[in-house]
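Thanks for coming, everyone. I would like to walk you through one model today, so please look at the screen while I talk.

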Amino acid sequence: MVRERANDEYDLVEPRAPAMLESLRAFGYNIQTAIADLIDNSISAGAKNVWLQFYWDGSESYISILDDGKGMTEAELVNAMRPGSRNPLEEREPNDLGRFGLGLKTASFSQCRRLTVCAKAVNQNSVTRRWDLDYVSQTGEWRLLRSAASGSEERLTALEQMESGTVVLWESMDRVVGGTKTDDPKAHNRFLEMIEDVEKHLTMVFHRFLERKNKLQIWINQRLIEPWDPFLTNEKATQWLPEENLYFREDRVVIQPYVLPHHSKVDSQTYEKAAGPNGWNAQQGFYIYRNERMLVAGDWLGLGLQRDEHCKLARIQVDLPNSMDSDWNIDVKKSRARPPASLREDFKRIAKLTRARASDIYRYRGKVIARKYSDNYVFTWLKKLKHGKVFYVINPEHPLVKEALNIPTEYRQIIKALLRLIEETVPVQQIWLDSAVSSEQHSQPFEGVPAREVREVMMQIYQALIKDGLTTSEARSLLVKMEPFQHFEELIATLPESTY
Ligand SMILES: Nc1ncnc2c1ncn2[C@@H]1O[C@H](COP(=O)(O)OP(=O)(O)OP(=O)(O)O)[C@@H](O)[C@H]1O
Ligand SMILES: [Mg+2]
């Protein structure tokens, strides 16, 4: 029975246990996000190994998740089973993946009606607690049982051989295998496919943990899973655009945009695998990591940008600390994040730049490039970070800058001094203030300028490139990859075959 007391000042209204527990099932997890939520807990508990066991037996199928983390004492376990075991407003350790004090319960109940947890802390005996939704429903009380269901004890014995750890057992998985028979081949197949989906999801969201030596190993039915790198960082043809650091209060957000290789630049197996669990188109955009755990696997974050086939090679890595959770609207499932209003313009700018680059590569422009200019875009300005402060320098590798400095020393000193002066006096404050008022008021490079003038500047660079040993077609291809001439392709086509 629900106890309700009252005095003159207030009514005491406790949540009704059966209704509340049923509602906790409706957070919108799927099996992949639910299991990932449990592995978050294992990682926060310092686990080096997580062993997932999927056992098929029709409607009696079960899943267990065992880790070798620090485990829990009896008091800790009882508290861990409490919905709302910790206040979301509390500060967390910098490497804690939790926030709401709910995940263990909400993730588990989304998939099963019986959640049993057995934990062992160092030098302690193992302890067990169980939520059984049917029992809570019958009794109408928040009764946390002190033992495993009869017949299930042997599913929890793995801990006995271990110093410390935790095993979470899901039984009575009505949402996954409800009403199925053990010998139903279709149902069995669905179960096996589900295991594959889980594997794909885990290789993605935990890839940073799995990539490091001695960090984390996840086993599915005794098989070790391999990380999936969304950015193909080991491929030479992947483009790394400049990293940016944005600040929100004193917290730092690190953004690394990538443009993945055109499909002709990698072998077909690599390209296919790089698509990711949801496919190339669905997996473009921002990848948001919180303490290295991926929350968002490719999304334009409601910035008004469409998913577009042409932009599918754009993938942008964003790293957040766990101190910004409420600013980023992190949800319990850890599958949503939205940038705070003050960072949206920056995100949009970075997204647009990366999309433009990706779209160029998608259309396979600029394919014949002299090796020494590699496959990367040429920027006029570079952003640098020193002692936590941002400043901008003119790219000394820019072909026009190199050409301008290719003069007798006494003149070179003058040009160098001039460039230095420009770099030191970039009116950052003024630009920042102006763009805070309206981002639309800034003109784009060469906006409203007669084509003749654009071509004059372009021609100087073109000549410098040819002087540097490039063929005319190589020089043109490079101009297409050079800021801001990628927007002036028609003009590039009018450049002469001979510059003499
Ligand atoms: N595998 C585990 N090993 C050790 N302790 C655990 C484990 N799983 C859960 N706990 C403990 O139980 C608590 C409750 O876990 P739960 O997932 O419900 O909430 P949380 O991780 O604190 O926050 P969130 O709701 O954001 O996941 C954790 O804070 C942790 O102390
Ligand atoms: Mg958790």
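Helices and strands here are DSSP runs, helices being H or I with at least four residues and strands E with at least two, numbered from the N terminus. This is a predicted model, in which local features need pLDDT of at least 70 and side-chain atom pairs count only at pLDDT 80 or more, while totals for chains, interfaces and linings use all residues. Residues are numbered from 1 along each chain as its sequence is written, chains are lettered from A and ligands numbered from 1 in the order in which they are written, and side-chain values use heavy atoms, with hydrogens and water left out.

Let me begin with phenylalanine 109, which is found in helix α4, residues 103–109. Phenylalanine 109 has 0% relative accessibility and so counts as buried, where buried means under 20% relative accessible area, exposed over 50%, and partly exposed in between, with a 1.4 Å probe and protein chains only. Leaving aside residues up to four places away in sequence, phenylalanine 109 touches Leu21, Leu24, Arg25, Leu115, Trp131, Leu133 and Arg175, contact meaning heavy atoms within 4.5 Å.

Now to the charged pairs. A salt bridge is a side-chain nitrogen of Lys or Arg within 4 Å of a carboxyl oxygen of Asp or Glu, and by this rule the count comes to 31. In one of them, arginine 113 pairs with aspartate 134, the closest N and O atoms being 2.9 Å apart. Arginine 113 lies in the loop between α4 and β3 (114–120) and aspartate 134 in helix α5 (residues 133–139), so the pair ties together parts that are 21 residues apart in sequence. Arginine 113 is buried at 15%, whereas aspartate 134 is partly exposed at 37%.
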